[in-house]
Amino acid sequence: MAERLRDQIIRGEIAEGAQLRQDVIAGQYHVSRIPVREALRQLHAEGLITIVPNRGAVVPALSPDDIEELFSIRALLEPEVLGVSIPRLTEQDFSEAEEVLGRYVSELRQEDHVSAWGRLNWQFHSVLYSRADQPRFMAIIRNVNNSGERYTRLQLYLTHGMKRANEEHHQILELSRKRDVDAACKLLRQHIRHAGESLKRALEQKRTAAQIDVDKARRAKL
């Protein structure tokens, strides 16, 4: 239930500002309200919906400022941790990162598996950061990634950025394996900043197109 609703939100099938009514969802999926309530609670914890007084569960609009802030934080923190971690990474770590990346690439080929993209993206990056031995840094980064997972999946889905993400992940892995700290950290920073910038542009274009459709519909009624 939560996975189906999550995919609909990420794909834009459930629009920003839409109210998620438990009775309607229960009717659509032919279930009681109990699993619906649990699914909404999970989506709220993930930051995909908000609970608004007198309205219930609502899909919040994505703020460009939120996107810019989250990706800016990532671009500042993650290269620092990667730089500390690279000299300590083992061959086992590289093999694990490569295995996660293989699953990630496989999932990227299937748009109906969009819900796995953010999770596997984090798993890949976290393996490369794992030897930094900086738990407070990692706690902050993990929290930011949790908040931004929706944005990560949206960036890949809306911008069709799978090919570039795949190529850059492989490059970051190989640079890390070669212990080229400066180049790996520079590419990671560019990788994160590009993701944030492309998502902002995609959302702006999407909203502009939606507004044009609304204006056309209004003129048609006149």
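A residue is termed partly exposed when its relative accessible area lies between the limits for buried, under 20%, and exposed, over 50%. In the present model, which is predicted, Glu174 has a relative accessible area of 35% and is therefore partly exposed. Glu174 belongs to helix α8, which spans residues 162-177. In sequence, 76 residues separate Glu174 from Glu98, while in space the C-alpha atoms of these two residues are 9.7 Å apart.

The packing of two helices is described by the angle between their axes together with the distance between those axes. For helix α4 (residues 64-85) and helix α6 (residues 117-129), the angle is about 45° and the axes are 8 Å apart. Angles from 65 to 115 degrees count as roughly perpendicular and those under 35 degrees as roughly parallel; α4 and α6 are therefore oblique to each other. On the α4 side, the contact involves Arg74, Glu78, Val81, Leu82 and Ser85, which meet Asn121, His125, Leu128 and Tyr129 of α6. By residue class, the contact of α4 with α6 comprises four nonpolar, three polar and two charged residues.

The model also contains an open sheet of three strands, arranged in the order β1-β3-β2 with antiparallel pairing. Strands β1 (19-20) and β2 (50-52) form the edges, each pairing on one side only. Strand β3 (residues 56-58) runs antiparallel to β2, and three bridges join the two strands. Within this part of the sheet, Val52 stands opposite Gly56 of β3.

Conventions:
Residues are numbered from 1 along each chain as its sequence is written. This is a predicted model: local features need pLDDT of at least 70, side-chain atom pairs count only at pLDDT 80 or more; totals for chains, interfaces and linings use all residues. Side-chain values use heavy atoms; hydrogens and water are left out. Axes are lines fitted to C-alpha atoms, for helices over the stretch in contact, and angles run from 0 to 180 degrees between N-to-C directions. Helices (H or I, at least four residues) and strands (E, at least two) are DSSP runs, numbered from the N terminus. Angles under 35 degrees count as roughly parallel, over 145 as roughly antiparallel, 65 to 115 as roughly perpendicular and the rest as oblique. Contact means heavy atoms within 4.5 Å. Ala, Val, Leu, Ile, Met, Phe, Trp, Tyr, Cys and Pro count as nonpolar, Asp, Glu, Lys and Arg as charged, and the others, Gly among them, as polar. Two strands pair if DSSP finds at least two bridges between them. Buried means under 20% relative accessible area, exposed over 50%, partly exposed in between (1.4 Å probe, protein chains only).
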